[in-house]
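Here are my notes on the model you sent over.

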Amino acid sequence: MIREARALAILSLLTLMIVIIAGIVAAVSYFPVAGEFIETLGITLQHLRPIHTSMAIAWIYLGGISIIYHYFGDFENLTIQRNTIKKLFLVHFSIWIVSGIGIIITLLSGFFSGREYIGFHPVFSLLILISWIIFLYIFFKVTSKNIWEKPVYHYMWTISLLLFVHSFIENHLYLFSFINSFPIVEIKLQWKSLGQFVGSFNLLVYGSLLYTGEKISKDTSYAHSKKAFLLFGVGLLNTFTNYAHHTYHLPQSHIVKWISFVVSMLEVIILYFVISDIIGLIRNRKGMNKTICYHFISSCKLWSGLTIFLALLISIPPLNTIIHGTHVVFAHAMGAMIGIDTFAIFGVLSWFIFKDTNLALQTKKKIHFSIITMNLSLFFLIASMSIYGTSFGIYRYLDKYPPEIMGNLLRYSLGVFSFPMSLSFLYVIFIFLHNLVKMKADSN
Amino acid sequence: MLIVHRKILLSFLVLFFIIQSLLVYLDSNKFQKISFSPSAQLGRTIWLENNCQSCHQIYGFGGFLGPDLTNTAKYYSSEDLIEILETGPLQMPSIKLSKKEAKDLSAFFNEIDKTGVSVPIINNYQTTNHESIEIKDIPWFEY
C-alpha cells in the first residue's frame, strides 16, 4: 500500500515543517526587537509551545504509521477488501488533516487544554481517538492471521497502537471531577499517561527501524530471534515504568519509584544494541553503507549513547533533586525526540523514498552537510541547556537566583544554534518531499 | 523464539502492566486525598485556560521560561499574590485577570502548596511553613 504510505509520509513531513516553523518563531521571540514584533501579532510562547509539542508527536506517529502501511503491502489473501481499506484510510487520513488544521487554528486563537503535549481542545482528542480506532481496525484486519508467528516489530507496533489508546484515554481523565479535584492524583496520572504515551511512539519508531533493517538486509532471522524478543520485553517494562523518574518528588508510593529506578536506565541501552544490530545488518549489504538511511541511523545510535548519559543522571535520586524541573530535562527530551526518534524516522523514510541506491547516493551528497549541521547544532543546543540547567539547579538548591548573564547566554545560544539546525531540517524535508511527490504512486 | 515462549513473555508483560497500573491507581496517602475547594478549582481552570503551563511548572511539569509555581504561595501572602496576579509580575506580561479570577488563582496556588514540595532547597525543612509536612512524608528526599 505504497500510495497510502506515501500520503502519510508527505503529511508527516509537512507536520515536521510546522514543528520547525513554530520552533523558529519561538526562538526569535527570545530576542528583544523580533520578540516585540511577534508579540504585536498576538503570538506568544503560550500559543507556540503547544503547537510545537503536539505537532512533534504527530510527526513521529505519522512517520511510523507510514511504514506500517508499507508493511500492509507485504500481506496477501486479506480478510478485508483492498477497496475497503482504501476507503477507511481516506476517512482516518481526512480526520487527521482536519484535526491538525483545527488544532493549529484553535491554539493560535487561544483555546488551550492547558496540558502537556496534548495542549489542544478535547474535541480534537475525540476526533483523533475515533480515527485511531478506524486505523486499528484496518491494522488488525490486515495482520490478524498467525499472530504468534509474526516478527518482533509486529508485536512492537501492536502494543504501541494499543498503548496509545490506553494512555490517551488515561490522559483525558482530568476532565472528570473525581480526578481533577485531587491535585496529586491528577499530576501522577498525567505523568503516567504521558510517560506511556512517549513509550508508545518509541515502540513505533523501534519497530519501524527493525522492519527497515530487515527489508534492507533481507535477513528475516533477527526479528524472530530470542535476543530481539528479550530486548523487546525489557524495553516494554521500561515503557510501563520509567516515566516515574519524573515523579520522585511527588508524594506517592515508594514501590512505584523503586520499580522505576531499577528499570529506568535500561531502555536507551537496549536501543543502542538494537541499532548496532541494524547497522550491522545494513553493512552486510554491499553499497548500502553510504546511504542517507545509514547516516541517519548512525546519528540515532550516537544520540542514544548521549541520551543514556542524561537518563542515568536524571534517574539517580540525589541528582534528580538538583536537575529535575531544569533545562537538563528539556535537553534530555530534545535529545530523545530529535536525536533518536526524528533521526530514526528520517532513516526509515529515506529507505522508503530512496530504495534505488543510485538515487540514495546522489541525494546523500546533497544533504551530507545538512546531516552534519543538524548533529553539531543539536549537540551545542543540548550542551548549552545541560550546563545552564545544572547550574540553575545548584543555585536553586542553595535557595539563590543564578546570575542574569547565565540566562542571557542560554537565550542567545538557543537562538544561534537552533537556526542552522532548523534550516538543515527544512532543507532535508524539502528534498524528501520533492522525491515523495515525484515517486510513482503504486496502487497495490 | 518459540511460540510458547512468546506467549509466556507477552502474558508476563500484560500482567506486569496491570499490576503497575493498579499500584498507581490504588496508591493513596494523605496528600493524595487533599482536594481543591470550589475557589481553587476555578483557579485551576484559569491556570489551564491561560496555558500557564507553557512557561511555568507544577511539580516539574511544564515549560522552563518561568519558575516552578507549586510552592509559590510559601513566599507571598494571599493579598500580595492577588495583586501580583492582577498586575503581572516582573518580566511576565499581565494576563488581565479580574479581582475574582486573581483570588481564585491565588486559592489554587495556596492549596497546591499544601500538597507537597516540588523543588527542594538546602534549608527547605527549616524555612518551609508547611507544618503538616514532615521529612518522612516527602519520599526520596531523606538523604
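1. Start with A:C300: this cysteine has 0% relative accessibility, so A:C300 counts as buried. Keep in mind throughout that this is a predicted model. A:C300 takes part in no disulfide, and the cysteine sulfur nearest to it, on A:C293, sits 10 Å away.

2. B:C55 comes out at 19% relative accessibility; buried means under 20%, so B:C55 still counts as buried. B:C55 is in no disulfide either, with the sulfur of B:C52 as its nearest cysteine sulfur at 8.6 Å. If you were wondering about the rest, a search of the whole structure turns up zero disulfides over all chains.

3. On to where the chains meet. How many residues of chain A are in contact with chain B? The count is 73 residues of chain A, touching 57 residues of chain B. About 6,000 Å² is buried between chain A and chain B, and carbon and sulfur atoms give 67% of that area. A:W148, A:H249 and A:P251 together supply 12% of what chain A buries against chain B, which is more than any other three residues.

4. The rule finds one salt bridge across chain A and chain B. In the salt bridge between A:E186 and B:R44, the side chains meet at 3.0 Å, N to O.

5. Which helix of chain A gives the largest share of the side that touches chain B? That would be helix 8, with twelve residues. Several helices of chain A supply at least two residues each to this side, among them helix 3 (45-72), helix 8 (183-217), helix 14 (327-353) and helix 15 (357-397). By residue type, the side of chain A that touches chain B splits into 38 nonpolar, 22 polar and 13 charged.

6. Chain B has 143 residues, and 51% of them count as buried. Among contacts in chain B with a separation of 6 or more, 53% come from residues 24 or more positions apart.

Methods: Residues are numbered from 1 along each chain as its sequence is written. Chains are lettered from A and ligands numbered from 1 in the order in which they are written. This is a predicted model: local features need pLDDT of at least 70, side-chain atom pairs count only at pLDDT 80 or more; totals for chains, interfaces and linings use all residues. Side-chain values use heavy atoms; hydrogens and water are left out. A disulfide is a pair of cysteine sulfur atoms within 2.5 Å. Buried means under 20% relative accessible area, exposed over 50%, partly exposed in between (1.4 Å probe, protein chains only). Contact means heavy atoms within 4.5 Å. Buried area is the accessible area (1.4 Å probe) that two parts lose on being put together, summed over both. A salt bridge is a side-chain nitrogen of Lys or Arg within 4 Å of a carboxyl oxygen of Asp or Glu. Helices (H or I, at least four residues) and strands (E, at least two) are DSSP runs, numbered from the N terminus. Ala, Val, Leu, Ile, Met, Phe, Trp, Tyr, Cys and Pro count as nonpolar, Asp, Glu, Lys and Arg as charged, and the others, Gly among them, as polar.
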